[in-house]
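Me: I'd like to learn how to read a sheet and its salt bridges in a model like this. Can you walk me through it?

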Amino acid sequence: MNSDSDLQIAGDILEVPHLLQPAREHPATVAEFVGLARTIAADRSQWAHLVQYDATSRWYHRLKTGPGYEVWLLSWVPGQGSGLHDHGRSSGVLTLLEGELTERTERGTRALGAGAQRVFAPGYVHEVVNDSLEPAVSLHIYYPGLTEMPMHAAQCAAAVAPDAAEDVVTA
């Protein structure tokens with residue numbers, strides 16, 4: 001026996017449907033929203049053909065809505081940024097689909113590469129910028145749907161090490 005536990009499941013757990021929770025039609029937990037973002041990210045046919053790049057302003061497109069949530073697709077050409085902001089009463093999941101972005105908070109700076117995810121609570125203040133030489137594409141899920149994005153005075157400095165940021169989920 002090759003286990004650290006006395007509990008063993010014989011056979012295929014998927015063959016015991018009464019032990020499984022039914023799949024939700026729409027996400028309801030942070031983990032399920034992260035999973036939704038990963039599912040969309042993995043299926044390029046859902047989003048790649050929609051992406052546009054605009055040198056004058058950040059491009060965005062609402063990709064999907066569900067009960068109380070929204071999924072947005074954004075593109076970032078080099079030098080574009082969000083400005084320092086929060087998302088009001090919305091929580092969110094940011095998933096980088098292509099390219100590189102930099103996230104700045106009062107706690108420091110974090111480089112995000114393709115596949116990186118950030119999970120944030122209401123009132124989380126950050127700035128996202130494309131500091132690279134290539135365009136980037138990101139996916140954002142907000143729950144509840146985004147109704148406000150208050151801007152903040154520039155106060156973030158990269159005085160803290162990049163590993164000081166929290167709630168990074170990697171693929």
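**Sheet and salt bridges**

Reply: Three strands make an open, antiparallel sheet, ordered E5-E4-E7. Strands here are DSSP runs of E with at least two residues, numbered from the N terminus, and two of them pair if DSSP finds at least two bridges between them. Strand E5 (108-113) and strand E7 (127-129) sit at the edges with a single partner strand each, so one side of each has no neighbour in the sheet. This is a predicted model, where local features need pLDDT of at least 70, side-chain atom pairs count only at pLDDT 80 or more, and totals for chains, interfaces and linings use all residues. Residues are numbered from 1 along each chain as its sequence is written, and side-chain values use heavy atoms, leaving out hydrogens and water.

Me: Over how many bridges do E4 and E7 pair?

Reply: Three, with strand E4 covering residues 100-105. Thr102 has Val129 in E7 as its bridge partner.

Me: How many salt bridges are there?

Reply: A salt bridge is a side-chain nitrogen of Lys or Arg within 4 Å of a carboxyl oxygen of Asp or Glu; that rule gives five. In one of them, Arg118 meets Glu103, with the closest N and O atoms 2.5 Å apart. Arg118 lies in strand E6 (residues 117-120) and Glu103 in strand E4, 15 residues apart.

Me: Is Arg118 buried or exposed?

Reply: Buried means under 20% relative accessible area, exposed over 50%, and partly exposed in between (1.4 Å probe, protein chains only). Arg118 is buried at 2%, and Glu103 is buried at 2%. Over at Arg62 and Glu70, whose salt bridge spans 3.0 Å between the closest N and O atoms, Arg62 is partly exposed at 44%, whereas Glu70 is buried at 11%.

Terms used
Helices (H or I, at least four residues) and strands (E, at least two) are DSSP runs, numbered from the N terminus.
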